[in-house]
Amino acid sequence: MTDTTTTAAAAVSVRGVGKRFPGVVANHDVTLEVRPGTVHALVGENGAGKSTLMKILYGVQKPDEGEILVGGETVHFSSPSDAIKHGIGMVFQHFQLADNLTVLENVVLGAEKLHGIGDAARTEIRRISDAYGFGLDPDELVEDLGVGERQRVEILKVLYRGAKIIILDEPTAVLVPQEVDALFENLRELKSQGNTLLFISHKLDEVRAIADDITVLRRGTTVTSVKPADVTQHQLAELMVGEELPSPSTAESTVTDREVLEVRDLQVDDAQGRTVLSDINLTIHAGEVLGIAGVEGNGQTELVEAVVGMVRPTRGVVELSDQDVTSWGTRQRRESGVGYIPEDRHRHGLLLDAPLWENRILGHQTRKPSVKGGWVDKAGARIDAQRIVHEYDVRTPGIDTTARALSGGNQQKFIVGREMSGDPKLLIASHPTRGVDVGAQAAIWDHIREARRRGLAVLLISADLDELIGLSDSLKVILRGRIVADYDPQTVTPQQLGAAMTGAKTAGEEA
Ligand SMILES: Nc1ncnc2c1ncn2[C@@H]1O[C@H](COP(=O)(O)OP(=O)(O)OP(=O)(O)O)[C@@H](O)[C@H]1O
């Protein structure tokens, strides 16, 4: 079914592109036709080769073979600046903005030659913002902007540099439903004015809602391009996997009355003495998943760090199984059975340049199977790394491969497997399935549910509201460092949660 028809008018054509890394064929014989003025989605399992293809289109990676055409003209990019010269811009999932600068300063940084840094630049930014309904004020500080607005600054940045083809890497991963709607409005407006959008996503319902064309990658190659109306979400997932999907296990309650984590009157102040978390009270029982919903930056990071022992609270108590651990460090807490999936896998979760088997040891240096008789047990760590690769379906040439060489989703699967090792009694999970494909997400949920059945308590932080609702036994909403609402996951809707997260009232409800 692969669409190989090519018209000179295609915004981007990819023909027979291949890219190899040691031990891995990341892309082979990839074919992609992106029609101008459309939204084109790229979907596929973790490690299917989506990021590699986008990096090739943006000049970050060079293909080993094949041809790329932009507007019918063959191009050879050596760097992103070559891509930008041909009107291709990219918006990364991790925003690259300086918080202490204004919108204008962020936009013109590195592009001063275009319209200077003064009124001409301001006028141009206003023009773009007005043209697409972005509602951005050039003189506002970025630190005062919400997540959706920051993303618009990133899009404006590439438009300002003349991009007509914009690549977005999982743009909705950090947005609440209301922000997703707003982003889709922006994308439609961009499209109606002749721009072309190309984006990667694991959220198949959103893909079907916004895309004009969907290209599916499987194991490095394009398998088909479809129209959203012609496939269901389930069929799309099966095209990605190449087989029938397993049905996820049901989630009967396993909550007991044994308290595993208790947090009382917790307050955390930052280095400047500002209170970033206050009056936090929560209890998690064995067999219970407590979900915390919130827009990023509302105190979730500090809450996790206080429970893991990375920051000392100004006030309050943290108890693990009735033992006061407030003064304990991270290592002691981990040794008493705390697993920790960090929000930033590159900063806290992995040694990127170390092989996977060494990464098995990270954070577990003092426990089996990483040590034996006080010494690092290399063989034990290797065997267990192998087990994780197998049980969590981590796609890698082997356990001697560096963590850096794995796709984002496969890195995440490895971390989850490691932190679930040795039956922890408490799992602190920040965005456990971020960047993970739907099949692997279902598998991770199954692992967590299985452990929960055996008595695991989970503190779950996630930006994915379906995950929060689907996995949690109870739900709390955090806003500006405080818990502002409690919900029953059985009855709450993503829209209600989204509204509480942004502090908006929904009909018939207190804010
Ligand atoms: N710099 C690199 N060195 C070695 N291998 C790499 C490198 N970059 C990617 N790979 C490998 O290429 C394959 C494709 O990875 P890619 O990141 O393109 O997948 P993806 O579809 O974007 O996955 P995900 O959904 O998990 O982000 C993977 O097997 C990955 O391990």
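Reply: Start with helix 15, residues 408–419. It has 12 residues and reaches 17 Å from first C-alpha to last, close to the 16 Å expected at 1.5 Å a residue. That expected span is 1.5 Å times one less than the number of residues. Helices here are DSSP runs of H or I with at least four residues, strands are E runs of at least two, and both are numbered from the N terminus.

This is a predicted model: local features need pLDDT of at least 70, side-chain atom pairs count only at pLDDT 80 or more, and totals for chains, interfaces and linings use all residues. Residues are numbered from 1 along each chain as its sequence is written.

Helix 15 is mostly covered, with 11 of its 12 residues buried. Buried means 20 or more other C-beta atoms within 10 Å of the residue's own, with C-beta atoms placed from the backbone; 12 or fewer is exposed, and in between is partly exposed. Among the buried residues are Gly409, Phe414, Ile415 and Val416. The buried residues pack against several elements, including strand 16 (338–341), helix 14 (378–391) and helix 16 (438–453). Contact here means C-beta atoms, placed from the backbone, within 7 Å.

Now the ligand. Helix 15, strand 2 (24–34) and helix 1 (50–57) each supply at least two residues of its shell. Gly409 is one of those that come nearest, along with Phe21, Ala26, Asn46 and Ser51, out of 20 residues around the ligand. Near means a C-beta atom, placed from the backbone, within 6 Å. Domain 1 (12–241) and domain 2 (259–502) both give residues to this shell, so the ligand lies between them. The domain bounds come from an automatic or database domain assignment.

Note on methods
Two residues are in contact if their C-beta atoms, placed from the backbone, lie within 7 Å.
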